[in-house]
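Subject: Structure handover

Hello,

I am passing the structure on to you, followed by notes on what was found in it. Please read the notes with the structure open.

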Amino acid sequence: MNRALSKTIFLTTSLVFVFLFLAPLGIVIKGGFWVNGEFTFRYLIGVFQNPIYSEGLLNSLMLAVGTTTLVTIIAIPLAWLTNKYEFPGKKWISGLILVPMILPPFVGAIGFQQILGPYGGLNALLGLGPVDWLGKLQYWGVITLQALALYPIMYLNASAALANIDPAMEEAAANLGCKGFAKFRRITLPLMMPGLFAGGTIVFIWSFTELGTPLIMNYTKCAAVQVFDALKEIGTNPFPYALVFVMLASSAILYSIGKFVFGNKSYAMQSKAATVSTSSAVGGWRGILVLLPFVLVILVAVTPHLGVIATSLAKPGSWYQSVLPAQLTLNNYAEALGNEITISSIRNSLVYSTLAVAFNAIMGISIAFVVVRSDIRGRGLLDGLSMLPLAVPGLVMAFGYLAISATVSNMDWVKNSSFWQTLLDVRTNPTLFLVIAYSVRRLPYMVRSAVAGLQQTSVTLEEAAANLGAGFLTTLRRITVPLITANLIAGGLLAFAFSMLEVSDGLMLAQRSDFYPITKTIYELFQLIGLGQYIASALGVWAMAFLGVTIISASLILGKKLGAIFRA
Amino acid sequence: MAVAVRLDSVTKRFGDLTVVSRISVTIEPGELFFLLGPSGCGKTTLLRCIAGFYIPEEGSIHIGDRDVTRLSPDARDTGMVFQSYALWPHMTVAQNVAFGLELRKVPKAEMDQRVAEALVMVKMTERAQYKPNQLSGGQQQRVALARALVVRPQCLLLDEPLSNLDAKLRLDMRTEIRRICKQAGLTAIYVTHDQKEALSIADRMAILDKGIIQQCGSPEEVYRRPNSKFVANFIGEANFVEGKILSVEGDRAVIETAIGRITSTALPTELVRAGEQVAVSLRPEVIHVAEEPPTDANVFNGQIHGTHLSRRSCAASDQPRYKRRRHHGAKGV
């Protein structure tokens, strides 16, 4: 590629990315340390001294530890079984096992409460009185819900790590007399560690800062919810900044440890595996035995969402002290679609997500091109930087964007111009900031897909076009983009799907009901007394169906490569 | 219309590593010129400099009258056949071949005709609507050739075009490539590490090693009169005998070796002086077993180990005489 051109692309993408990504982080740090023109650690220390904040942080940490542990316990055996055995229905199961990923846990929480509430399905099934399971076991409720939504990330990482292990490694161990669990512990597990840690980091950071699930489950004593509650004071109180900074720093430290310890590399296998596969076919009752854990996990994982579907179909008030709703109705769907804020929220989410994906596609292709096809110094740094949004909690980013908006909208040139107000003040119109927030957080998916596509596409295919007289743009349009279309579509669909069910950004940045995205609408509807949860569930089902179709298309297009996208 | 390709002191470095070092050579119009050398010698790098994928740090490259040294690849009007063929998998054979013509805004009717002609030339007409991955290696190679030729480039660049084919196909294709080049009257630069390919179809060839042209000449010249031990060893089979030059007279040199005194007319006599140590390369086909001691030069004794000769020749204990009719000197040890 032309050097001057690649330099231009490199500089432009770097600048845009650094500005959009680092500006919100910068303002968070500034807000927590520079108060009234002087630098101080008072608020940072204050966060740890304040019993409410420190309890919140500790609880968040416990949520993250609990969720990550649960996820690991669920995911590793499944990944190992997938790698080890060919069993009946494997093809279907390996697709279905990913389904929970597309079900936003905070929507599932609504169904979860219907089932586990004092007058819910479980108590009715067991014939118990009004036992308030979730009141007693709130913590367990939150981590279970999160784990059931996040285990696919770990599963994908673990499977990829296992598939990458040369079967000869295990064969050599077996040859020397090591077998069974010892072989797994001594050989397989250590070789999997980089992959496990990569997946674990994402899950940990995600659950450490998850806002939607604790909010719906009413688990308010955690840092994420405390930040959310403090948003009203964003212009005046440095404490939320300091609290957000602590979350940011913890995530960054964890991410760095992962990078340093494992160097983000799986152990390079010295040779291409001579044996193609070690998986052995099992049929009959043994096949069913292998299949069983998968079925169980999937069933448990979709239970909250089955609860949501049941709720959405229940006549309001009819799911009371019964296993399932007593009376069914489609009224909630009609109600949901008849509600003005629902309709506009669907439209809003589509607009925000589409714009975000379009922006990401351009950024993703550009970054990938520089990273894979140029020899510019610093391209590796750009590659690394573009992965960082995975390590930064969405809550932190959203808080940062909100703080930027709050700062600039206080300036006179914004106040006095309706144009700038519409663009920059989230209280007037959050579109710009929401689109930026959506796209920056999803950029890694797009970059990874585009990079993977380019790496699989031999550069000589582009050289052959140049040789025949095609310029840079012609080559890009006629050769490169058509060849990596599958990757771009897959990355784009994922970015789109995750934008559609984004929680933190939507809850924090969208402040006027006519600009609510779907997720915020679900949350607001849920708050309504009486009909709320039913309409919210109906909207949730709509969103799940929509996302299901999107993700299934992505996995069909990308096939096995889907896993690569979630490796930090 | 064929043009000359002129390289003048072309140097290409990657970081501290000089891969191509001050290479100057002119490829004549219509010539089939080979860049030959072991892997890592810089031959592909040099070809990619000519194609424009690398810009040399020093020197200049002219195609015809145009200085193309800093031109981007798409402006050079070369046709390249890649080692991996680089056929675009999302296009059919016909679309692949037509691509270059589309960019040149050739009218549709003419384009169709030229594509058809090109496919006839490489005998791929029946596969025009196939996708590349439905073709065998040899077929892909021919499509790649058609794609490069159809635009009637000023010069054809071939980067190890046959290295991915099986031995039998390689033999067929190399004569095929020469036929097509000569038929189109193209200036062609052919990179390979296979000396048999070069010896059998090249007009001229340059032997590269460590980024430097070791020798440049016709296959006959390079084979008969290698100018270094490296070239003698790289081209064809060679037996080396160490020796010392006794005298040099005109193009004749007499060399004292362990197997006897050898008179050579193949030694680059302008480069050697009496008293120098040299290695003499003996091509296997010039060694003849004689019944009677011949009277002319270069006779030496040898021992035949029976298993290495045909039964007809002699018994293992015989001590027949060897005669060298022709031999090739090589400077240096």
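B:R224 and B:E220 form a salt bridge, with their closest N and O atoms 3.5 Å apart (a salt bridge is a side-chain nitrogen of Lys or Arg within 4 Å of a carboxyl oxygen of Asp or Glu). Both residues sit in helix α7 (residues 219-224) of chain B, 4 residues apart, which is about one turn of the helix. Helices (H or I, at least four residues) and strands (E, at least two) are DSSP runs, numbered from the N terminus. B:R224 is partly exposed at 25% relative accessibility, whereas B:E220 is exposed at 52%. For these words, buried means under 20% relative accessible area, exposed means over 50%, and partly exposed lies in between, with a 1.4 Å probe and protein chains only.

Before going further, note that this is a predicted model, in which local features need pLDDT of at least 70 and side-chain atom pairs count only at pLDDT 80 or more, while totals for chains, interfaces and linings use all residues. Residues are numbered from 1 along each chain as its sequence is written, chains are lettered from A and ligands numbered from 1 in the order in which they are written, and side-chain values use heavy atoms, with hydrogens and water left out.

Other salt bridges

Over all chains, the structure holds 23 salt bridges. One of them joins the side chains of A:R448 and A:D383, at 3.2 Å from N to O. This pair links distant parts of the chain, 65 residues apart: A:R448 is in helix α21 (residues 431-456) of chain A, and A:D383 is in helix α17 (residues 379-387) of chain A. Both ends count as buried, A:R448 at 19% relative accessibility and A:D383 at 18%.

In chain B, the side chains of B:R13 and B:E58 meet in a salt bridge of 2.8 Å, N to O. B:R13 is partly exposed, with a relative accessible area of 30%, and B:E58 is partly exposed at 31%.

Strand β1 (residues 5-14) and strand β4 (residues 58-63) of chain B run antiparallel over 5 bridges; two strands pair if DSSP finds at least two bridges between them. B:E58 in β4(B) is the bridge partner of B:T11. On from there, β4(B) pairs with strand β5 (residues 66-67) of chain B, again in the antiparallel sense, over 2 bridges. In this pairing B:I63 stands opposite B:R66 of β5(B). β4(B) and β5(B) make a hairpin with 2 residues between them, and B:G64 in the turn has a positive phi of about 65 degrees.

Two loop residues of chain B

Is B:R283 buried or exposed? B:R283 is buried, with a relative accessible area of 0%. B:R283 lies in the loop between β14 (277-282) and β15 (287-290) of chain B. The side chain of B:R283 reaches the backbone oxygen of B:A232 at 3.1 Å. A polar atom of that side chain also lies 2.8 Å from the backbone oxygen of B:I235.

B:I259 is in the loop between β12 (252-257) and β13 (260-264) of chain B, and is partly exposed at 31% relative accessibility. Apart from neighbours within four places in sequence, B:I259 is in contact with B:V241, B:L282 and B:F300 (contact means heavy atoms within 4.5 Å). B:I259 and B:V241 are 18 residues apart in sequence, and their C-alpha atoms are 8.0 Å apart.

Chain B as a whole

Chain B has 8 helices and 18 strands. Of its 333 residues, 50% count as buried. Among contacts in chain B with a separation of 6 or more, 65% are between residues 24 or more positions apart. The accessible surface of chain B comes to about 15,500 Å², and 48% of this belongs to carbon and sulfur atoms (accessible areas come from the Shrake-Rupley method with a 1.4 Å probe; for residues, only the protein chains shown count as cover).

Regards

Methods: A polar contact is a pair of N or O atoms within 3.5 Å; within protein, one must be able to donate a hydrogen and the other to accept it, and residues adjacent in sequence count only if both atoms are side-chain atoms.
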